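I opened this structure to work through its sheet, its cores and its helix contacts. My notes are kept in the order in which I looked things up.

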Amino acid sequence: MHKPPMQISKRVSNIPQALSIYINELVYSQKRKGLDIITLSLGEAFFDIPLFDFNRLDVEKCYHYSESNGVPELRKKIAEFYKKQYDAEIDYRNEILITAGSKPAIYMAMQAVLNSGDEVLIHEPAWLSYQEHARLLDVVPKFIPFDCVPDDFHKYFTHNTRMVIINNPNNPAGWIYSREQLVTIYEQCRSRGIYVLVDEAYSDFLLDETFHSMINVATDKDGIIVVNSLSKNMGMSGWRVGYIVSSPEVIGNVQKLNQHLITCAPTILQHYLARYFDEIIEITLPQAKEVIRKRQRISKYMDQIGLNRLPGSSTFYFFIQIDSFKGSSMDFCLHLLFKYGVAAVPGSAYGSSTERFIRVSFGTESEERIHYALALIKDLITEGSCDTDYINANLKGNGFKRFEETYARA
């Protein structure tokens with residue numbers, strides 16, 4: 001029987017896999033060989049969180065579907081937290097929707113308000129999935145360079161711009177947008193009918209500074225979409241619970257998508273979180289602050305050895321400059337992994353303007369191992385080059401192609 005080739009979606013084949021995950025798959029491959037890898041590529045911090053008693057939940061409810069926009073008790077808890085922590089008002093009845101992680105929340109929010117051919121403007125360095133979400137929706141991603149200040153964002157607007165995306169605090173730089181900057185961005189966008197989507201996934205990683213949610217700027221939620229989750233702030237990335245805050249009109253559109261794609265976030269986890277939310281926050285907030293104290297200590301060490309980086313005081317990442325290195329940021333990270341046993345993520349993952357950087361995460365390793373790894377990074381920058389044949393041989397030995405060869409962008 002003649003078998004013609006089966007069709008594969010060009011839209012999907014033309015996007016890459018997540019580069020950070022590609023690096024971590026290489027890490028897992030190296031670890032399976034028994035190698036000790038200092039893992040500075042994971043996008044999470046490990047918190048010490050006890051498991052509370054599931055037996056105190058209503059088991060009958062937990063086995064079944066729940067409201068598609070999230071169980072009311074948990075929506076109310078999140079709204080109360082935003083009020084107490086950030087002085088931000090949320091009507092839990094119709095301005096918030098809970099879903100299975102913030103990734104689908106971002107994707108569905110874009111789907112709910114954008115049309116094919118619209119442009120999304122993304123401030124670099126940017127979490128690597130924003131642009132791929134746009135491409136999957138047949139929306140055009142465009143970019144604001146990392147060194148552009150909010151006052152000048154409007155210079156990158158076109159007549160097709162329909163959304164601006166920022167990550168506050170920023171992954172990977174760690175900078176925090178001030179209230180004044182948020183007001184500037186909002187006013188530039190709202191006057192042109194452009195949505196502002198703010199990913200606030202790292203909002204609790206601050207010590208003495210005040211975090212300003214975009215909800216504080218546009219209290220009526222007109223023209224804003226705020227996304228957050230339990231993954232980073234509460235150290236519960238594996239539970240896949242995220243939420244979106246916006247106007248009732250936007251939430252209503254997202255709810256339709258949530259009904260068709262996900263139905264509801266896991267019911268048992270929503271009830272668990274609703275019951276133990278205050279206890280979990282009491283445990284995790286101090287640990288988030290300790291992460292920032294750790295950041296400050298590591299930052300001092302980086303100053304001592306002369307590692308330059310983008311300014312920032314939040315998150316568990318540093319975005320380190322590798323300007324004197326002659327190869328690409330991808331070559332840098334692959335050589336760093338195969339020769340030195342240190343995993344980091346290339347800056348190219350976060351935008352074209354940030355190719356001369358690498359991202360290191362300090363959330364999962366001891367300070368002693370991090371110091372050792374940072375000294376090796378400094379050595380490699382000083383060396384200034386690497387052997388690409390050595391890199392390619394190691395990739396082949398691990399059964400991997402070069403990342404650039406794993407997809408073909410049109």
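Predicted model: local features only at pLDDT ≥ 70, side-chain atom pairs only at ≥ 80, totals over all residues.

Entry 1: I looked up the strand order and found an open sheet of 7 strands, ordered 2-8-7-6-5-3-4, with mixed pairing. Strand 2 (96-99) and strand 4 (140-144) are the edge strands, and each pairs on one side only.

**Entry 2: strand 2.** I checked how strand 2 is held to strand 8 (residues 242-246). The two strands run antiparallel and are joined by 4 bridges. Ile98 has Tyr243 in strand 8 as its bridge partner. Next I asked which helix packs on the sheet and touches strand 2. It is helix 5 (residues 102-113), which also touches strand 3 (119-123), strand 5 (161-167), strand 6 (195-199), strand 7 (224-229) and strand 8. The direction of helix 5 makes about 165 degrees with that of strand 7.

I then looked at the two faces of strand 2. Side chains in a regular strand alternate between the two faces of the sheet. In strand 2 both faces are covered, with Ile96 and Ile98 buried on one side and Leu97 and Thr99 buried on the other.

**Entry 3: nonpolar cores.** I looked up the largest nonpolar core, which has 77 residues; Tyr82 and Met214 touch the most other members. Helix 10 (residues 267-305) gives the largest share of this core, 9 residues. I listed the contacts of Met214, leaving out residues up to four places away in sequence: Leu182, Tyr186, Val196, Val198, Glu200, Ile224 and Val226. There is also a second, separate core of 36 residues, which includes Phe47, Ile298, Ala373 and Ile377.

**Entry 4: helices 5 and 9.** I went back to helix 5 for its crossing with helix 9 (residues 248-261). Their axes come within 9 Å and cross at roughly 120 degrees. Helix 5 and helix 9 are therefore oblique to each other. I recorded their crossing as right-handed. On the helix 5 side the contact is made by Met108, Ala109, Gln111, Ala112 and Val113. Helix 9 contributes Val250, Asn253, Val254, Leu257, Asn258 and Leu261.

**Entry 5: helices 11 and 13.** I looked up helix 11 (residues 329-340) and helix 13 (residues 388-397), which pack at an angle of about 65 degrees with their axes 10 Å apart. That angle makes helix 11 roughly perpendicular to helix 13. Their crossing is left-handed. I find Asp331, Leu334, His335, Phe338 and Lys339 of helix 11 meeting Thr388, Tyr390, Ile391, Asn394 and Leu395 of helix 13.

**Entry 6: His271.** Is His271 buried or exposed? I place this residue in helix 10. His271 counts as buried because its relative accessibility is 16%, and the cut-off for buried is under 20%. Apart from neighbours within four places in sequence, His271 is in contact with Leu57, Lys61, Cys62 and Val71.

Definitions and conventions:
Residues numbered from 1 in each chain as written. Heavy atoms only, no water. Pairing = 2+ DSSP bridges. Contact = heavy atoms within 4.5 Å. Axes fitted to C-alpha atoms, helices over the stretch in contact; angles between N-to-C directions. Core = buried A, V, L, I, M, F, W, Y, C linked by side-chain atoms within 4.5 Å. Buried < 20%, exposed > 50% of the residue type's maximum accessible area, 1.4 Å probe, protein only. Parallel < 35°, antiparallel > 145°, perpendicular 65-115°, else oblique. Left-handed = near helix turned anticlockwise from the far one by under 90°.
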